[in-house]
Amino acid sequence: MVEHPQPPLVDIVIPVHSTSRPLQRAVSSALRAAPGTAPGQCRVTAVAHHLTAEQVHSMLSVEQRAVVDVIESEDRGSTAAVPRNEALRRTSARYISFLDSDDTLDPGAVTRWLRIAERRGSDLVMPFQHHENPRVDITPIVRPLRRSDLDPVKDRLGYRSSAFGLVRVDAARQMGARFDESVRTGEDQSFVMALYAGSRRIDSAPGTPGYLVHADADARVSRQSLPVRDEVAAALDLTREPWFAGVPDELKRAYILKYIRVNFFPALEHAVRSGAWDAHYARSGNAVFEELTQYAPHVTDQLSRADLRVARLLSPGAGERELLAALAERRRYTTPGALLTERWTRVLGRQAPLRVVAASAVQMLRYRWALAAGSRN
């Protein structure tokens, strides 16, 4: 354990569960992410999960071992939830920033986020996420020209479900924000939703420096087909969180619409293409869809006609070819079926497909502009 004379301003936390992970790369980026901070203000902590502290030390360079804290977490779970919760419980820093061992921080990213948080009083600073591969990251799908004092509903924050950036530790603890240790995928959901529901102020940091997702991170999670209930358990588990009762219906609805579109429907398609689809999976899918749409009032009113066609095919247990055709139809965003709701009064709703698709197109342009222009803070 590295000795620190006083609590740091920020703790950059890197969970690591395998000696095959490029931990040195992640640590090197973390050490370069906060130039200009006073000595001791930025701490890098590696959390050993299913590894010993000695094994993690052996993954670091000699220089890194002298400055990186290594702590151990319990050997439970198959996700990063346990080590992240352990780091959140132990940290004495004002802010915490999570970094996956597969990814890197751009030089100066944390210094930039700290400047935003200290100047504006942010509980959460959402980073610009860019990718080593050609993928475009359009989340969150914020209002045009918006970058500060974000609203979780109006700025559709639910579409960004990763816990990266900068989080004020006291705020997270007061909200009871924690990572879900019981799910097999989506462990970030409970943490970020608690922040969205309870933060006094949320800001974004568009453009670089930001958070870089590496292409070799694609292997971090297996895409074996899970039971459909497991695919969406992270969303349904939120109802058991102590803070959930106080969440406004409009935020619940916005979140579950995102989950149906981004998680539930792709899970159905993956089940078909992987050979897991059968009558039992169809019945389970139908039951889960019913459960999701009971999450908040009027969820189905803001799904597209094509979305609802997919849902209706689950009840009799559609054949694979028919279901794949319906799933493809809901992604044809130039067609009325994919853009319009069944009730005309809901067509222009903020969470309805027409406005979400339009805002996504604008956000794609903003993403490309941000890569080219860099930071404006």
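What share of the contacts in the protein with a separation of 6 or more comes from residues 24 or more positions apart? The share is 80%. Contact here means heavy atoms within 4.5 Å.

A word on the source. This is a predicted model, where local features need pLDDT of at least 70, side-chain atom pairs count only at pLDDT 80 or more, and totals for chains, interfaces and linings use all residues. Residues are numbered from 1 along each chain as its sequence is written, and side-chain values use heavy atoms, with hydrogens and water left out.

Now the overall picture. The protein has 15 helices and ten strands. Those are DSSP runs, numbered from the N terminus: helices are H or I with at least four residues, strands are E with at least two. The radius of gyration is 21 Å, close to the 21 Å from the globule rule for 377 residues, so the protein is as compact as a globular protein of that length. That radius is taken over C-alpha atoms, and the rule is 2.2 Å times the number of residues to the power 0.38. Along its principal axes, the C-alpha trace spans about 65 × 40 × 40 Å.

Next, burial and surface. Of the 377 residues, 56% are buried. Buried means under 20% relative accessible area, exposed means over 50%, and partly exposed is in between, with a 1.4 Å probe and protein chains only. The accessible surface comes to about 16300 Å². Carbon and sulfur atoms hold 52% of that surface. The areas come from the Shrake-Rupley method with a 1.4 Å probe.

Charges, briefly. There are 51 positive and 44 negative side chains. Lys and Arg count as positive, Asp and Glu as negative; His and the chain ends are not counted. The centres of the two sets lie 7 Å apart, with each charge placed at NZ of Lys, CZ of Arg, CG of Asp or CD of Glu.

On to the strands. Look at the open sheet with the order β5-β10-β7. Its three strands have mixed pairing. Two strands pair if DSSP finds at least two bridges between them. β5 (104-105) and β7 (129-131) are at the edges with a single partner strand each, so one side of each has no neighbour in the sheet. β7 runs parallel to β10 (residues 211-213), over three bridges. In that pair, H131 sits opposite V213.

Another parallel pair joins β6 (residues 124-127) to β9, over four bridges. P127 stands opposite A205 in β9. In a regular strand, side chains alternate between the two faces of the sheet. In β9 (residues 202-205), I202 and S204 point one way, D203 and A205 the other. Are these four buried or exposed? All are buried.

Last, the backbone. Most residues other than glycine have a negative phi, and most peptide bonds are trans. Here are some exceptions.

Start with cis bonds. T139 to P140 is cis, with omega near -10°. P140 is in the loop between β7 and β8 (166-168). T208 to P209 is also cis, with omega near 5°. P209 lies in the loop between β9 and β10.

Then positive phi. H50 has a phi of about 65° and is not a glycine. Its loop runs between β2 (42-48) and α2 (53-59). At 38% relative accessibility, H50 is partly exposed. R156 has a phi near 50°, again positive in a residue other than glycine. R156 is in the loop between β7 and β8. At 5% relative accessibility, R156 counts as buried.
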